[in-house]
Amino acid sequence: MHVACAGARALLHAHGNVPVIADKNCDACVCVCVAVVLFSSIKYFDLVIVIAAGRYTETDLTLMKEMTRNNVPFFAVRTKIDLEIENAEWDMGLSPEETKQVIREDLRANTGLPDDRIFLVSSREPDAHDFPKLKRHMNLMLQAGLENKVNRALGRKLSTRRYFNTLVNNDEFVHADA
């Protein structure tokens, strides 16, 4: 599984077994390069997690559209939710649940995703917010993807001639089915 985002390192530190496609500083140029790589091979991914500490960029949203077009499962993850809750409480007097609801509505409006694919997390509080739910959903999606690949592989008809040719690799050999 691969992750492309601007703020992945802190989140992945708390759930560290996911390869990251991102630069340490992840400026706009790197994000665009990552997006180009992902767009060209996105249909082969089992699961993509698009992570942002703030609003999603146009590149992120384009990537999400491309994944939707190619039926690639993905999640939208909003990090640093603990800071947003604290700021909203201080600035506007909102409760933690009200703050999460506002952010979730904004993400739903901008990404077009249903609530079950939007996660609000904090790497400082890995057992709080949506982090446990995110890990459960990741495991379920990856398990389903693995089972799907195994079923497709078992359902393929093995071409005996092609397999034999790769083993023998002899141009002068007369094939029985030729």
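Quick housekeeping. Residues are numbered from 1 along each chain as its sequence is written. As the model is predicted, local features need pLDDT of at least 70 and side-chain atom pairs count only at pLDDT 80 or more, while totals for chains, interfaces and linings use all residues, and side-chain values use heavy atoms, with hydrogens and water left out.

Okay, confidence. The average pLDDT (the predictor's confidence in each residue, from 0 to 100) is 75 for the chain, and 65% of the residues score at least 70. Over residues 1-33, pLDDT stays under 50. Helices here are DSSP runs of H or I, at least four residues, and strands are runs of E, at least two, numbered from the N terminus.

On to salt bridges, meaning a Lys or Arg side-chain nitrogen within 4 Å of an Asp or Glu carboxyl oxygen. The whole structure has seven. One of them joins Lys-149 and Asp-46, at 2.8 Å from N to O. Lys-149 sits in helix α6 and Asp-46 in the loop between α2 and β3, so this pair ties together parts 103 residues apart in sequence.

Another pairs Glu-66 with Arg-69, at 2.7 Å. These two are three residues apart in helix α3, about one helical turn. Glu-66 is buried at 18% relative accessibility, whereas Arg-69 is exposed at 58%. The cut-offs are under 20% relative accessible area for buried, over 50% for exposed, and partly exposed in between, with a 1.4 Å probe and protein chains only.

Technical notes
Contact means heavy atoms within 4.5 Å.
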